Amino acid sequence: MSTSEYRPEFTAYEGNLDEVEVRASEPLKNFYGMSLEDLKSYLSGLGKEQFRAQQIFKWAYERRITDYELMSNLSKTFREELKGLLDFSMPPVLSHLISVDGTQKFLFDMGDKNTVEAVVIPSDDRLTLCISSEVGCNMGCKFCFTGKQKLKRRLKASEIVGQFMQAHDRLKPGQRISNIVFMGMGEPLDNPEAVFKSIEILHDPWGMNVSRRKITVSTSGLVPEMWRVAANKVRLAVSLNGSNDEIRSQVMPLNKRYPIKELMAACHEYANETGEKVTLEYVLLKGVTDQLTHAQELHRLTKSLPCKINLIPFNEHPGSGYERPADAQIEKFQNELIRLGSHVLLRRTMGRDIFAACGQLTSEFANKPQTMDISNSKIGSTYSKTKQPLSPSRTVEINN
Ligand code: SF4
């Protein structure tokens, strides 16, 4: 991928910046957009030995050294040449917020006044990066903050890998990102070339060596592209969010194009081909998707599919028009699915105080508060304040 198209206008940001970095001004080929094979063939086209690609990968990913002067096993002449060929620029971090629960949210400058967000979510045994694939999104899901913006542009592979590396570089010593979920801004299957290229790079043992089994691509239901998830041997998550076509079309307009029957057929195909379960995400919206009849319909719809259902109590955000159900209703809904025999988990809400919870990400940074006080919030209280948290043993699943 050439970075010649990559010319951000870096304007002074007027918010409360934690960090500002200035991207290299000279457009070169961006290293982070190249797989090992890409780099090998690029170097070989220049008459260089292919093993040099592995050496450069090892410096950049394993040792995190991107200063050519320090790449001591490359000759001085080659290092000088490389300076004019490859650069290691990453999307600058405009802000880095840390929630009271340890969730970290990053805002990245993608140039041309575009920004995206990514979130690092800690849990007992893993550190999950929720990553963005597009600036804005055309899918228009009604409960989603990102969906309020039209698609501005699709990210490049280097910009997706760059989000990972920037977050990685800010971890505490000894920590590593173990899981990646493409559940940030954008519909990943609307940008498949860049998404699967970034997966190839991050999975490579010479890259960040993230297991494919720990990478989840989440789709709102772009049925014709879903085969790619199985072909790339990564996990599939589907935003279902409605137990019948009428409700799902109301909440997710894409359903009018690819109704539930087609979506479920694509899910069965994935499960048959990979032998893996599909994760079905189901947002609980008060009075819309949270009734016991919906739970029963959801069970009927999914009982023949190897799957687990992640219930996500709606995370309220300004102007959404939806409400989060009461705790008691959430518990009833979950219990009904359990009674019927579904494999169901209630997703723990993380990062609400920094607007990093599911469905709250946006690139319209200026129009959105970046923090909120959850001390008196019924939302924050679900897990942090009530004396009896909702079924704690069943509220820990984030993803994968
Ligand atoms: S939920 Fe995902 S697919 Fe739907 S509008 Fe939001 S970002 Fe787009």
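Quick definition to begin: helices here are DSSP runs of H or I, at least four residues long, numbered from the N terminus. Keep in mind that this is a predicted model.

Let's start with helix α2. It covers residues 51–62, which is 12 residues. From first C-alpha to last, α2 reaches 16 Å. The span expected at 1.5 Å a residue is also 16 Å, and the helix comes close to it.

Now the side of α2 that is packed. Which residues of α2 are buried? A53, I56, F57, W59 and Y61. The buried residues of α2 pack against α1, residues 36–45.

Next, the backbone. Most residues other than glycine have a negative phi.

Where does R64 lie? In the loop between α2 and α3, with α3 running over 76–83. Is R64 buried or exposed? R64 counts as exposed, because it has 11 C-beta neighbours inside 10 Å, and the cut-off for exposed is 12 or fewer.

The second case is K233. How many other C-beta atoms lie within 10 Å of K233? There are 15, so K233 is partly exposed.

R64 is exposed; K233 is partly exposed.

How values were computed
Residues are numbered from 1 along each chain as its sequence is written. This is a predicted model: local features need pLDDT of at least 70, side-chain atom pairs count only at pLDDT 80 or more; totals for chains, interfaces and linings use all residues. Helices (H or I, at least four residues) and strands (E, at least two) are DSSP runs, numbered from the N terminus. The expected span of a helix is 1.5 Å times one less than its number of residues. A residue is buried if 20 or more other C-beta atoms lie within 10 Å of its own, exposed if 12 or fewer, and partly exposed in between; C-beta atoms are placed from the backbone. Two residues are in contact if their C-beta atoms, placed from the backbone, lie within 7 Å.
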